[in-house]
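Hello,

Here is the structure I promised to hand over. My notes on it follow below.

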Amino acid sequence: MLSQEMATALNEQIGSEFSASNHYLAIAAYFAQGSLDDWAAFFYRQAEEERQHGLKILGFLIDNAAPVSLPAIAAASTDFPNALAAVTSALESERRVSSQFDAMAVLADEQRDYQGLQFLQWFLREQVEEEATMSKLVDLVASGINLFQAQQFLPAPHAATDGATEAEATAQNP
Ligand SMILES: [Fe+2]
Ligand SMILES: [Fe+2]
C-alpha cells in the first residue's frame with residue numbers, strides 16, 4: 001500500500017514528466033523551424049519518451065489503487081536564443097528530474113515502502129542515461145560544429161530497455 005506522501009509525490013511527478021515532454025516538443029519545434037530535421041526528430045522522440053514516463057507512473061498509481069490527480073502541464077516556449085541554450089535547458093531539466101526521483105527514493109526508504117522503492121529504481125537508472133545523453137549534446141553544440149553536420153553524431157534511437165512498454169518501444173523504433 002502506497003503512503004499518502006508517496007502517492008502525492010508520484011502524482012506531481014506525472015506533471016513533471018508531461019511538462020518535460022512539452023519542453024522537448026518546444027525544442028523539437030525550435031530545431032524544425034531551422035530545418036534541422038534530425039535534431040527535431042531526436043527531440044520529438046524524447047518528448048514521446050517523457051510522455052511514456054508519465055504513463056508508467058500513472059499505471060503504477062492505478063495498480064496500487066492510489067488516488068490519481070493529473071497536475072497542470074507547464075507551458076513551453078520555442079523561443080530559445082540559440083541551439084546551445086535549447087540543449088542546455090534539456091540538460092537542466094534532466095538534472096531537475098533526477099533530483100525529484102532522488103527525493104522520492106529517500107521518501108520511499110523513510111516510509112519503508114519497498115514496492116515504491118523498487119518502482120523508482122527503473123527511473124533512477126534511466127536518469128543516469130538521460131543526463132549523460134543531454135550532456136553529450138551540450139558538448140557537441142558547444143564545440144561550435146555546424147549544426148547540420150552535427151546531425152550525424154546524434155544518438156540513434158535506443159532499443160527498448162527492461163520494463164519499457166510496447167508503446168515506448170514503438171516510439172523509439174518507429
Ligand atoms: Fe522522464
Ligand atoms: Fe528524461
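Leaving aside neighbours within four places in sequence, glutamate 50 is in contact with Glu17, Ala20, Ser21, Tyr24, Glu94 and Glu130. Contact means heavy atoms within 4.5 Å.

Two conventions before the rest. This is a predicted model, where local features need pLDDT of at least 70, side-chain atom pairs count only at pLDDT 80 or more, and totals for chains, interfaces and linings use all residues. Residues are numbered from 1 along each chain as its sequence is written, chains are lettered from A and ligands numbered from 1 in the order in which they are written, and side-chain values use heavy atoms, with hydrogens and water left out.

Glutamate 50 sits in helix H2. Helices are DSSP runs (H or I, at least four residues), numbered from the N terminus. The side chain of glutamate 50 makes a polar contact with that of histidine 53, at 3.0 Å. A polar contact is a pair of N or O atoms within 3.5 Å; within protein, one must be able to donate a hydrogen and the other to accept it, and residues adjacent in sequence count only if both atoms are side-chain atoms.

What about charge? Glutamate 50 is buried but has no salt bridge. The nearest side chain of opposite charge is arginine 96, 10 Å away. Buried means under 20% relative accessible area (1.4 Å probe, protein chains only). A salt bridge needs a side-chain nitrogen of Lys or Arg within 4 Å of a carboxyl oxygen of Asp or Glu. For charge, Lys and Arg count as positive, Asp and Glu as negative; His and the chain ends are not counted.

Now the metals. Glutamate 50 bridges the iron ion (ligand 1) and the iron ion (ligand 2), which lie 3.4 Å apart. Donors are N, O and S atoms within 2.8 Å of the metal (3.2 Å for Na, K and Ca); water is not among the atoms, so sites may look incomplete.

Ligand 1, iron:
- Glu17 (OE), Glu50 (OE) and His53 (ND1) coordinate the ion at 2.0 to 2.1 Å.
- Glutamate 17 lies in helix H1 (residues 4–33) and glutamate 50 in helix H2 (residues 37–63), so the pair ties together parts 33 residues apart in sequence.

Ligand 2, iron:
- Glu50 (OE), Glu94 (OE), Glu94 (OE) and Glu130 (OE) coordinate the ion at 1.9 to 2.5 Å.
- Along the chain, the donor residues are spaced E-x43-E-x35-E.
- Glutamate 94 in helix H3 (residues 83–110) and glutamate 130 in helix H4 (residues 114–142) are 36 residues apart and link distant parts of the chain.
- Glutamate 94 is buried at 2% relative accessibility, and glutamate 130 is buried at 3%.

Best wishes

Note on methods: Helices (H or I, at least four residues) and strands (E, at least two) are DSSP runs, numbered from the N terminus. Buried means under 20% relative accessible area, exposed over 50%, partly exposed in between (1.4 Å probe, protein chains only).
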